[in-house]
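Colleague: I'm just starting out with protein models, and I'd like a close look at one part of this one. Could you walk me through it slowly?

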Amino acid sequence: MMEQSDAAAVAKAREGDHDAFGVLVERHSHALFQLAYRMTGNEQDAEDLVQEIFLRAYRQLGKFESRANFSTWLHRIAANCAIDLLRKRKSQGEQDGVVDPVPPDHLSSLPANSPPPDQAMFHSEIQIQVESALHGLTPLERAAFVLRHFEHKSVEEISSALDLGQSAAKQAIFRAVHKVRRSLETVLDSAK
Amino acid sequence: MKHLSEEQIILHHYSEPEDGERIARHLEDCPDCRARYQALQQALALVDRSAIPHRGENYGSEVWRQVRPRLPKREQSSGPLSTLWGLAARSAAWRVPRWALVGGLGVLLLAAFFGGRLWPRSTPVSPRQIATSAHPVSREARERVLLREIGEHLERSQLALIELINSQTNGMVDISLERSLAEQLVVVNRLYRQTAARLGDSGTANLLEDLERRLVEIANSPARLSPAEFADFRRRLDTEEMLFRIKVVSSQMRARELESARAVPGTHS
């Protein structure tokens, strides 16, 4: 059977066809999980975020332009959901007087085909350092960095996704890269 | 020879087409800049080595099982409101900044809302008139959209202030991002404030006036401040107090929005 295009599935979903929306959910869940994990650095948060993204997308289907790319549109929603979540986390941490720790699930979240133990240790160390570096970013900086670095979005696309001017989007990327580089300097120095 | 800025090196790394050839030539000729470029590449290569937890083949179906029971009923997309949303969605294609269009729509809706709320009707409206009205958007629906618009504006302002609070304070503090955000927000904020004041909602107008003063100050500040200047700047802005007020008003607005949604049976927000 020929695969239904995103545009056709969106059109049916807009008419109330839940199964058509299900096709979109099944098709885009993996990519969204990756994005959500990059944005949050936490497996459970990423899973919750994926569901929230689809729920928000469904509520906003009426705003989707049929000429647009559905995946790009989902990324936009994902970025904003992630920013909301990260802000909530930061604000909760500040209220509780807790310094937000680096999420502890890195060792347990190594891929199934992990390398031997010593290499795994090295990888997990990098993982912790990288997450710690990303953790030092503000929600907006992290979203901009993930979209630029991992999703390869242009400054123009990022400014559109985050509802920022292009100069603000650039500044968010600059600042994020600057912080990440500074934060990883010690790892690089120790490897020399 | 003038060295490349960190921004130029970052843009070059991500192949953003800004003077790419000149920068590439400079990197060939200048060992200092080349070393900085390589250090950046190494740091970002480390980021690429971080792993993502694996999800099985059935992950999509699992997500759908979780999401399906939570889907709200779909409302048919017709009428003036969906037309407005359609305009907002198309704004990207027109290269009109979304915040500008949304701000404009917000002001129109604000006027419609406050107008409907504050100005007395000269003649009673009969049920028949309501039924045959050429304006099928209910007052509750207008109120919900309006509250959402102002709420979003406040959230964006809150985000700019939080970014400011979280700025790095070791060495010179770069607040160019917050300046750009504030410049955008001032325009929309001014429109909301003027409309609210004209229509007599002094509570909203006061909050927006205080917010605007801070946004203008951020927009007009130097892009880089010393730690002492930054501390003084933050004290002057009293950011924490502003954030607290925004939080209070936003939560009141969410409550009003929920109340308004409950007033329309079968409506889901």
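Colleague: Let's take chain A: in what order do the elements of chain A run from the N terminus on?

Modeller: Happy to, and keep in mind as we go that this is a predicted model. From the N terminus on, chain A reads α-α-α-α-α-α-α-α. Chain A has 192 residues, and 43% of them are buried. If you take the contacts in chain A with a separation of 6 or more, 61% of them join residues 24 or more positions apart.

Now let's zoom in on a pair of helices inside chain A. Helix 2 of chain A covers residues 18–40 and helix 6 of chain A covers residues 139–150; their axes come within 9 Å and cross at roughly 135 degrees. Angles over 145 would count as roughly antiparallel and 65 to 115 as roughly perpendicular, so helix 2 and helix 6 of chain A are oblique to each other. The crossing of helix 2 of chain A with helix 6 of chain A is right-handed. To find the spot on your screen, look for A:Leu35, A:Arg38 and A:Met39 on helix 2 of chain A, which meet A:Arg142, A:Ala143, A:Val146 and A:Phe150 on helix 6 of chain A. Sorted by class, that contact has 5 nonpolar residues, 2 charged ones and no polar ones.

Helix 3 of chain A passes helix 4 of chain B in a right-handed crossing. On the chain A side you'll find A:Val50, A:Gln51, A:Phe54 and A:Leu55, and on the chain B side B:Val63, B:Gln66 and B:Val67. The classes here are 5 nonpolar, 2 polar and no charged residues.

Step back and you can see the whole contact between the chains: it takes 57 residues from chain A and 52 from chain B. Several elements of chain B give two or more residues to it, among them helix 1 (6–13), helix 4 (59–67) and helix 9 (176–198). Helix 4 of chain B gives the most to that side, with 7 residues. The side of chain B that touches chain A divides into 27 nonpolar, 13 polar and 12 charged residues.

What about the partner itself? Chain B comes to 12 helices and 2 strands, and its elements run α-α-α-α-α-α-α-α-β-α-α-β-α-α from the N terminus on. Of its 269 residues, 25% count as buried.

Last, a word on confidence in chain A. The mean pLDDT of chain A is 82, and 79% of its residues reach 70 or more. Over residues 99–114 of chain A, though, pLDDT stays under 50, and the model has 29 contacts beyond four places in sequence for that stretch. Where pLDDT is low, the predicted coordinates should not be read in detail.

Notes. Residues numbered from 1 in each chain as written. Chains lettered and ligands numbered in written order. Predicted model: local features only at pLDDT ≥ 70, side-chain atom pairs only at ≥ 80, totals over all residues. Contact = placed C-beta atoms within 7 Å. Helix = DSSP H or I, 4+ residues; strand = E, 2+ residues; numbered from the N terminus. Nonpolar A, V, L, I, M, F, W, Y, C, P; charged D, E, K, R; others polar. Left-handed = near helix turned anticlockwise from the far one by under 90°. Buried ≥ 20, exposed ≤ 12 C-beta atoms within 10 Å, placed from the backbone. Axes fitted to C-alpha atoms, helices over the stretch in contact; angles between N-to-C directions. Parallel < 35°, antiparallel > 145°, perpendicular 65-115°, else oblique. pLDDT = per-residue confidence, 0-100.
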